[in-house]
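Please look at the chain below and work through its fold with me, one question at a time.

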Amino acid sequence: MKKIEAIIKPFKLEDVKDALAEIGITGMTVSEVKGYGSQKGHSELYRGAEYVVDFLPKIKMEMIVSGDMVDKVTATIVEAARTGKIGDGKIFVSDIEKIIRIRTGEEDNEAI
């Protein structure tokens, strides 16, 4: 089992969610986060004063999939989230040792 974390632009959330649903991914956790990488923020003007916005709003999507689905899921996210501009995001894939569904006590693949 693998955990896939994708950091994407907020306006791409629905596109990515719909694309993942088409390949059978229905469960995920979505968080509003802030961060910066190559974009490094930008300057804005508010009431005549200039200030720097260092951390830009992003969406973090997390999902657990079986190992054989990783390539399909990551390719789907890349295709749906890509704008071709700086700040499109990143995808992280990591191993999951154990999953337990609290309600039923099911474990691992049965708990996904």
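Q: Which hand, left-handed or right-handed, has the crossing of helix 1 and helix 2?
A: This is a predicted model, in which local features need pLDDT of at least 70 and side-chain atom pairs count only at pLDDT 80 or more, while totals for chains, interfaces and linings use all residues. Residues are numbered from 1 along each chain as its sequence is written, and side-chain values use heavy atoms, with hydrogens and water left out. A crossing is called left-handed if the near helix is turned anticlockwise from the far one by less than a right angle, and right-handed if clockwise. By that rule, the crossing of helix 1 and helix 2 is right-handed.

Q: At what angle do helix 1 and helix 2 pack?
A: Two packed helices are described by the angle between their axes and the distance between the axes. Axes here are lines fitted to C-alpha atoms, for helices over the stretch in contact, and angles run from 0 to 180 degrees between N-to-C directions. The axes of helix 1 and helix 2 are 9 Å apart, and the packing angle is about 145°.

Q: How many nonpolar residues has the contact of helix 1 with helix 2?
A: Contact means heavy atoms within 4.5 Å, and on that basis helix 1 contributes Asp-15, Val-16, Ala-19 and Leu-20, whereas helix 2 contributes Val-73, Thr-76, Ile-77, Ala-80 and Ala-81. Ala, Val, Leu, Ile, Met, Phe, Trp, Tyr, Cys and Pro count as nonpolar, Asp, Glu, Lys and Arg as charged, and the others, Gly among them, as polar. Besides one polar and one charged residue, the nonpolar residues of this contact number seven.

Q: Is Ala-19 buried or exposed?
A: Ala-19 has its place in helix 1, and, leaving aside neighbours within four places in sequence, Ala-19 is in contact with Thr-76 and Ala-80. Buried means under 20% relative accessible area, exposed over 50%, and partly exposed in between (1.4 Å probe, protein chains only). Because the relative accessible area of Ala-19 is 18%, this residue is buried.

Q: Which residues does Thr-76 touch, not counting residues up to four places away in sequence?
A: Thr-76 lies in helix 2, and with a relative accessible area of 12% this residue is buried. With neighbours up to four places away in sequence not counted, Thr-76 touches Ala-19, Leu-20 and Ile-23.

Q: Why are the buried residues of helix 1 on the same side?
A: The buried residues of helix 1 are Leu-13, Val-16, Ala-19 and Leu-20. Taking the arc as that of the directions from the helix axis to the C-beta atoms, they lie on the same side of helix 1 because they cover an arc of only 140° around the axis.

Q: What is the order of the strands in the open sheet?
A: Helices (H or I, at least four residues) and strands (E, at least two) are DSSP runs, numbered from the N terminus, and two strands pair if DSSP finds at least two bridges between them. The open sheet has four strands with antiparallel pairing, and its edge strands, each pairing on one side only, are strand 2 (29–35) and strand 6 (89–95). The twist averages 20° from one strand to the next. Read across the sheet, the order is 2-5-1-6.

Q: Which residue in strand 5 stands opposite Ile-7?
A: Strand 1 (residues 2–8) and strand 5 (residues 56–65) pair in the antiparallel sense over seven bridges, and Lys-3 stands opposite Ile-64 in strand 5. The residue of strand 5 that stands opposite Ile-7 is Lys-60.

Q: How many of the ten residues of strand 5 are buried?
A: Strand 5 is joined to strand 2 by seven bridges, with the two running antiparallel, and helix 1 (residues 13–22) packs on the sheet, touching strand 1, strand 2 and strand 5. Helix 2 (residues 70–81) lies across strand 1, strand 5 and strand 6. Strand 5 is largely enclosed by the rest of the structure, because its buried residues number seven of the ten.
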